[in-house]
Amino acid sequence: MRLQNFKTGILSCLLVFVLVLGLSVQSFAAQKVGKEKKFVLGWLSQPQIVEKFGRISDSIWSYAELGLQEYKSAKILADTLEKAGFTVERGLAGMPTCFVGTYGSGKPVIGILGEYDALPMLSQKGRVPNQDPVIKGAPGHGCGHNTMGTAGISAAIAVKEAMDKYGFKGTIKFFGSPAEETVISRPHMIRAGLFEDVDAVIDNHSSSGFGTSYGRGGNALFSTVFSFTGRTSHGASPWGGRSALDGVEIMNVATNYLREHLLFSYRMHYVIIEGGEAPNVVPDKASVWYYVRNSDERLEDMYRRVVNCAKAGALATGTELSIRVITAIHQRYANKAAAELFQKNIELVGMPEWSEEEQAFAKALQKDLGRSERGMPTKVGRLREPRGVFVGGGSSDVGDVSLVAPLATIRFPGQVPGAISHHWSSVATNYGTTAWKGLNAGAKAMAASAIDLLTKPKELKQLRDEFEVQAKEHPYKPFLPDDVTPPLDLNEELMKKWRQLMEKFYIEDK
Ligand SMILES: [Zn+2]
């Protein structure tokens, strides 16, 4: 009986050991795992490491800083890299919250991307399965970017630890990339030459699943503010005035007629950000902010036609038009060889084990959202193939990076399946232990992939060869006009207003 207990004890210890490493025996057997890779997976599995980076993610979640205002979020990530021994350059490419951390020297140079900006109006208490804001109307992390920057730095630091231990050559770089939600930073970072020496880039995004994909995705985009300036007058004697709001309205009528004559791949949406303050004062200033989205091939023609609609509004109303491009970006071209390599590492790492409490929270949230109550996922996804000609949907400035270096995105788990992106339900799930485990799994897949690219020249060559062919077909020509600088003012007022109210809810290690 005693011996039996002893045996069971040893067995369960071994089982715990394997579980702690987060690796199934099967996946180890199926893939030959080198010592450097074993090391980074083990290093990231240490409970104190999971907790350390989990807490950083939770802090960034509580800061919930909007694009280009991510001062505290960028600082905590950059400081952590610096403390770990990285050389950190801050305030790059004209953006105070853009930074690059570098460790090692010489070729190859492997980059990891990381984001940390939040979204407006989504404030929500963490791990509360019904809508319950921390501060009503304040920003929140509804896309999981708090976990992404954190996953990226933890992967980079794990790789650095392996470099120190095994002495292999090369450079690991972490690219702290602000304002992804407004798709702003990457064209400026490329223009500043930050990716010039990079051989391959590992991108990541928070998700409910664990997987990757290749091929062309998303939409190219122009984000532009059209401003009209007229002449004010009394609303009851308006003949002396020229309404700037009329200019906006005529432009919007014209673009809505334009829709019929655009190929279905387009997306177009706008908000009027300035339109007067009282009906009895003719507004002399009005502005409308447009997102104009299409495939790389169709974007510029569509944009030119939208600009013509704006000109028509100004001409018809006798107002003056000014055009401010906030950003302009390409579609994404995910590298197949990179995605195949990342997929192997995703399968090696496997889906985290979720606790009963985590499953219960997931089901409660799913119930509140009217979704099927299936809890957290148990299996990693399969490699996703390209979706064909029409890919549509959202946009990311990661696209521009995919045109200057081979890149694919590792989607890592942590969000509850059925939680809605850019919605309070996503904010609720991006905090706490599911987010910690998810970002840790993502960090493992990234670190393992970086090890492959640093130590196996043949693997890296496959990515590079595919990229060289693509670069000939689609040479990088930025959509971003040469004279556009980062719009540092974009969220300044909004963040100033919320920051003072949010400060007392910051989650920080004192
Ligand atoms: Zn996102």
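Two strands count as paired if DSSP finds at least two bridges between them. With that in hand, here's a quick tour of this predicted model. Take Val 88: its bridge partner in strand β2 is Gly 101. That link belongs to the pairing of β1 with β2 (residues 99–105), which is antiparallel and runs over four bridges. From there, we'll look at the sheets, a pair of helices and the domains.

**The six-stranded sheet**
- β1 and β2 sit in an open sheet of six strands, ordered β1-β2-β4-β3-β5-β12.
- The pairing in this sheet is mixed.
- At its edges you'll find β1 (87–90) and β12 (407–412), each of which pairs on one side only.
- Direction ignored, neighbouring strands here are turned by 20 degrees against each other on average.

**The four-stranded sheet**
- Another open sheet has four strands, in the order β8-β9-β7-β10, and its pairing is antiparallel.
- β8 (267–274) and β10 (320–329) each have a single partner strand, so one side of each is left without a neighbour in the sheet.
- One of the residues to look up is Thr 229, whose bridge partner in β9 is Lys 285.
- Helix α8 (residues 244–258) packs on this sheet and touches β7, β8 and β9.
- The direction of α8 makes about 20 degrees with that of β9.

**A helix pair: α4 and α5**
- Helix α4 (residues 47–63) packs against helix α5 (residues 71–83) at an angle of about 160 degrees, and their axes are 9 Å apart.
- That angle makes the two helices roughly antiparallel, since the cut-off for this label is over 145 degrees.
- The crossing of α4 past α5 is right-handed.
- On the α4 side, Ile 56, Ser 59, Ile 60 and Tyr 63 make the contact, meeting Lys 72, Ser 73, Ile 76 and Thr 80 of α5.
- Sorted by class, the residues in this contact are four nonpolar, three polar and one charged.

- Where they touch, domain 1 brings 14 residues and domain 2 brings 14 residues.
- On the domain 1 side of that contact, 10 residues are nonpolar, four are polar and none are charged.

Technical notes
Residues are numbered from 1 along each chain as its sequence is written. This is a predicted model: local features need pLDDT of at least 70, side-chain atom pairs count only at pLDDT 80 or more; totals for chains, interfaces and linings use all residues. Axes are lines fitted to C-alpha atoms, for helices over the stretch in contact, and angles run from 0 to 180 degrees between N-to-C directions. Angles under 35 degrees count as roughly parallel, over 145 as roughly antiparallel, 65 to 115 as roughly perpendicular and the rest as oblique. A crossing is left-handed if the near helix is turned anticlockwise from the far one by less than a right angle, and right-handed if clockwise. Two residues are in contact if their C-beta atoms, placed from the backbone, lie within 7 Å. Ala, Val, Leu, Ile, Met, Phe, Trp, Tyr, Cys and Pro count as nonpolar, Asp, Glu, Lys and Arg as charged, and the others, Gly among them, as polar.
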